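This report goes through selected features of one protein structure, starting with a pair of strands. Please keep the sequence and the 3D view at hand while reading.

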Amino acid sequence: MHSHDATLGLYVSVPFCRQKCTFCNFASDAFPPARMAAYVDRLVAEIEASRDFAAQHQLIVPQRVDSVFLGGGTPSLLEPEQMARVFAALRATYPMEQDAEVTVEAAPGQIPDDLLDVLLRSGVNRVSLGVQSFVDAESRAVGRVHTGDACLAELKRLRAAGIRNLNVDLIAGLPHQTAASWSHSLKTAIDSGVEHVSVYMLEVDEDSRLGRELIGPGVRYGAHAAPTDSLVADLYAQACETFDAVGLSQYEISNFARAGYASRHNLKYWKRDAYLGFGLDAHSMLRAQSDGRASRFANGDELNPYIAGNEDVEVEHIEMLGEWEESIFLGLRLIEGVSIAELQWPFPAPWLDAFVERVQSLQRDGLMRLDDGRAMLTQQGRIVSSSIFGELLADEPAVA
């Protein structure tokens, strides 16, 4: 059994939005209330049946749940009684640790008082706000309906209600964004006193409205005003330096936290710990009873088939090569990198030797470094991490 799998994380997908952002290609959208009610019915049924599903596929389900994350979409669009039903199903099926980290994603201004009461009673102690930018023109350009002042007011309201762990999401690369406007968003986030900030470099998918316009091109969604790739890289570097200077330490490519506030739930993904996902397009990873190897499975991303409950979920048993690749490209997302010693036990020595040789080559290019038995990306390497992962895993390793 994987050393980190003493605890389990739970993820719940709530794919509803008041308005879909122009850059979004997630399995989320604006749906009528009737669809939301049917979705919650299906979601609760899936949660209640999940232990039987794991037993049927001979998967290990850790008994201790220490993190829960409701993401989307905008989970705060659920009605209070619907939210209460979801948490009741989770707690009845998976008793949670008293100090579990329980996170709900929300859009600023979209957590009504009665829902906030339910969240607090349900044990929610962390809220992640999809701010994206504290500059109103940048928010409007991608279909966000809130203002910077509304975001700050929401943070103060949540703090007053007793939420002691707050995250804001920011995006580098929005239309109309400049170094000066980005500096304003960074400073505003810092001044707000939040414990955690996630910074994403805008990735425009061709299936999003913004992506189709970039290919088009057009002007409706602000694609013509999007910063260049080099500027986006500079904005990312600026965020790293700015946050580090005030104690928001970077612990993962996109994530910064004050001491003790790194996201316990998200760390499970990067460390390949056990987690179960429920709802539309939700992914899970548990370990097989037979050999302890990771097994992954996921729900589909079409709403109607999910609600109908007629999808066949396939469990993929990850072989050694897959485990190796995951250990590299997920572990290197962390600032602490991957431990060479921890790779020695489960994987063949020739694989590790070839990996270290490639890391040394990338070190000469200033993209990686070896430090105290760990391989890690440099800041420049984190900016081009996808290409580095491709280089590290370019050839299938052979066992001598």
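Strand β15 is joined to strand β16 (residues 374-377) by four bridges, and the two run antiparallel. Strands here are DSSP runs (E) of at least two residues and helices are DSSP runs (H or I) of at least four residues, both numbered from the N terminus. Two strands count as paired if DSSP finds at least two bridges between them. D371 has R374 in β16 as its bridge partner.

This pair belongs to an open sheet of three strands in the order β14-β16-β15, with antiparallel pairing. β14 and β15 (368-371) are the edge strands, and each of them pairs on one side only.

## Basis of the model

The model is predicted: local features need pLDDT of at least 70, side-chain atom pairs count only at pLDDT 80 or more, and totals for chains, interfaces and linings use all residues. Residues are numbered from 1 along each chain as its sequence is written, and side-chain values use heavy atoms, with hydrogens and water left out.

## A buried strand

How many residues of strand β5 (residues 126-132) are buried? Seven of the seven are, so the strand is largely enclosed by the rest of the structure. Buried means under 20% relative accessible area, exposed means over 50%, and partly exposed lies in between (1.4 Å probe, protein chains only). In a regular strand the side chains alternate between the two faces of the sheet. In β5, both faces are covered: R126, S128, G130 and Q132 are buried on one side, and V127, L129 and V131 are buried on the other.

Strand β4 (residues 96-106) runs parallel to β5 and is joined to it by four bridges. Here A106 stands opposite L129 in β5. β5 also pairs with strand β6 (residues 166-172), again in the parallel sense and over four bridges. In that pairing Q132 stands opposite L170 in β6.

## Salt bridges

A search of the whole structure finds 15 salt bridges. The term stands for a side-chain nitrogen of Lys or Arg within 4 Å of a carboxyl oxygen of Asp or Glu. One of them is formed by D41 and R85, whose closest N and O atoms are 2.7 Å apart. D41 is in helix α1 (residues 33-56) and R85 in helix α2 (residues 80-93), so the pair links distant parts of the chain, 44 residues apart. D41 is partly exposed, with a relative accessible area of 42%, and R85 is also partly exposed, at 38%.

R333 and E252 form another salt bridge, with their closest N and O atoms 2.5 Å apart. Because R333 lies in the loop between α11 (320-331) and β14 (338-339) and E252 in strand β8 (residues 249-252), the pair ties together parts that are 81 residues apart in sequence. Are the two partners buried or partly exposed? R333 is partly exposed, at 22% relative accessible area, whereas E252 is buried, at 0%.

## A salt-bridge network

R272 and E326 also form a salt bridge, and their closest N and O atoms are 2.8 Å apart. R272 lies in the loop between α9 (264-271) and β10 (275-278) and E326 in helix α11, so parts that are 54 residues apart in sequence are tied together. Both R272 and E326 are buried. These two residues belong to a network of salt bridges that links R272, R287, R293, R296, E323 and E326.

## Backbone features in loops

Which peptide bond is cis? The bond from G72 to G73 is, with omega near 10°. G73 is found in the loop between β3 (64-72) and α2.

Q58 is not a glycine, yet has a positive phi of about 55°. Q58 lies in the loop between α1 and β2 (59-60). D281, likewise not a glycine, has a positive phi of about 60°. The place of D281 is in the loop between β10 and β11 (283-288), and the residue is partly exposed, with a relative accessible area of 32%.
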